[in-house]
Amino acid sequence: MTLPQKMRAIREALGLSRLTLATEMNYSETTMYYYETGAHRVTDKLLHRFKVATDTKDIPLTDDEVEAFRKKLYLQSDAINLGNHEQITEFLSELARCSQWCFDVNLRNLCELFCVRYNFVIGNKEECRRMMSELSKRENEFSDEHFYWYYNCLGILEYSLWRYKSALFLYLKAEEYRNRLSLNLNLNSRNLFYNIALCLTRTGYPYLSIKYLEKFKKEEIDSISIAAGILTQRLLAVNISKLGETERALTILNDCLKYLMKERKDDKLTLYGVYLDIGNVYQDADDFDKALLNFDKASEYCDSNSDALQEYLCHKATLLRTYDKNAMVENCLDKGLPLVVKGTLWYEWLMMIKHSTMLDDEASQKYIEYTAIPKLVEYGKYLIVMGCFKWLSIYCENNIKYKVALTYNQQAMKIYKQLMEGDLSL
């Protein structure tokens, strides 16, 4: 409903004729007709008279106010990404008024998508899912801009469930719509590029991830937050490590660590992440002792029963399993399996490791190939899947099943080739 149409609807709901309302507002009936049909532009003066004449508690936004609010909404969108929650909280009252009195469908959709992102930041994921379900019913009225934010929000929700594969494709869909839009729109595409790079890192595409990290830096307008800068450096380090640049990766991560220890030593979650990344770099370099040392250092910054603790146990168990430290693997499984929830990535990961230590049992072999691998592919954890095929190959080779071993090894190499070449068809 347009603003003039809404004014007419309010008048008719109050049982007022156009002549009666025009007289109360000191206008002619003809002038009111022009306003209600959109022939005349709705002004602040008109709306204030309308408010007094109809005794409404508030008045609709003018076209100028709508445009000003749209620009402010984009700035607040940046505030979400920079973690300025106090600024966003102050903005919510304006958002509520806009939602009630703005009859621009495009802007109202943007407001709802903004609310989805804000609710995600404050941890209200159920409300996010509810709002996205309602928005999905109105896709037929979406513009390219709406679809940009819509796929962004869907990607955020999928990522929160560790479904990195589907999150990646939703973010890439958002990028398609972003490329259709005018460059004058402040769409904070930097954050989109970072999210794509993050998913590419999680799924094991180092070259592609670095490419999007470069886009992230190129599109930097003013200055990104310190937190975002550290996250970007960490992603870069993890990816160049996969490409064999161990020393450079360690230099980047140690610089992050020095800064955190000096300026933000209470940021336990970030410190945990940096130590975990350092452990992974040493694992890439086949330095078992240093990898294990840094994984255990990361655990000092985990809270019990947290995702971080579960992630740490998965990474440590994988390292130990790779070096056939099965007794230590059992210790990780004993700690981790009671914590994880069935159906989560951490559950599937630990169950895969558990069965990988029992490959003498044919049931465990089948579990790895027909249950664990498909589920891990669904999450997009291709590097772990590659490890599964390698373990199956080594087991078969040790048991003189050379043909089967070769098949598993070929499957592992195929995944590696596709990851290195950036082939997203996995």
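## Basis of the model

Contact means heavy atoms within 4.5 Å. The model is predicted, so local features need pLDDT of at least 70, side-chain atom pairs count only at pLDDT 80 or more, and totals for chains, interfaces and linings use all residues. Residues are numbered from 1 along each chain as its sequence is written, and side-chain values use heavy atoms, with hydrogens and water left out.

## Overall make-up

The chain has 22 helices and zero strands. Both are DSSP runs, numbered from the N terminus: helices are H or I with at least four residues, strands are E with at least two. Of the contacts with a separation of 6 or more, 60% join residues 24 or more positions apart.

Buried residues account for 50% of the 426 residues. Here buried means under 20% relative accessible area, exposed means over 50%, and partly exposed is in between, with a 1.4 Å probe and protein chains only. The accessible surface of the chain is about 21200 Å². Carbon and sulfur atoms hold 50% of that surface. Areas come from the Shrake-Rupley method with a 1.4 Å probe, and for residues only the protein chains shown count as cover.

Two packed helices are described by the angle between their axes and the distance between the axes. Axes are lines fitted to C-alpha atoms, for helices over the stretch in contact, and angles run from 0 to 180 degrees between N-to-C directions.

Helix α14 covers residues 246-263, and helix α15 covers residues 268-284. They pack at about 160 degrees, with axes 10 Å apart. That makes α14 roughly antiparallel to α15. Angles under 35 degrees count as roughly parallel, over 145 as roughly antiparallel, 65 to 115 as roughly perpendicular and the rest as oblique. The crossing of α14 and α15 is left-handed: the near helix is turned anticlockwise from the far one by less than a right angle, whereas clockwise would be right-handed. On the α14 side, the contact residues include Leu-250, Leu-253, Leu-257 and Met-261. Among their counterparts in α15 are Leu-271, Val-274, Ile-278 and Val-281. By class, this contact has 13 nonpolar, three polar and one charged residues. Ala, Val, Leu, Ile, Met, Phe, Trp, Tyr, Cys and Pro count as nonpolar, Asp, Glu, Lys and Arg as charged, and the others, Gly among them, as polar.

## Helices α20 and α21

Helix α20 (residues 362-379) packs against helix α21 (residues 382-398) at an angle of about 165 degrees. Their axes are 9 Å apart. That makes α20 roughly antiparallel to α21. The crossing of this pair is left-handed.

From α20, the contact takes in Gln-365, Ile-368, Ile-373, Leu-376 and Val-377. From α21 come Tyr-382, Ile-384, Val-385, Cys-388, Phe-389, Leu-392 and Tyr-395. The contact residues divide into 11 nonpolar, one polar and no charged.

## Buried positions in helices

Leu-47 sits in helix α4 (residues 44-54). Leu-47 is buried, with a relative accessible area of 0%. From Leu-47 to Met-25 is 22 residues in sequence and 9.9 Å in space, C-alpha to C-alpha.

Cys-115 belongs to helix α7 (residues 105-121). Cys-115 is buried at a relative accessible area of 19%. Leaving out residues up to four places away in sequence, Cys-115 touches Leu-95 and Met-131. The C-alpha atoms of Cys-115 and Met-131 are 8.5 Å apart, across 16 residues of chain. Asn-294, in helix α16 (residues 288-299), is buried with a relative accessible area of 11%.

## Loop positions

Trp-162 lies in the loop between α9 (144-160) and α10 (164-180). Its phi is near 65 degrees, a positive value in a residue other than glycine. Trp-162 is buried, with a relative accessible area of 16%. Ile-400 lies in the loop between α21 and α22 (402-421). Ile-400 has a positive phi of about 60 degrees although it is not a glycine. Ile-400 is exposed, with a relative accessible area of 60%.

Asp-303 is in the loop between α16 and α17 (307-322). Asp-303 is exposed at a relative accessible area of 53%.
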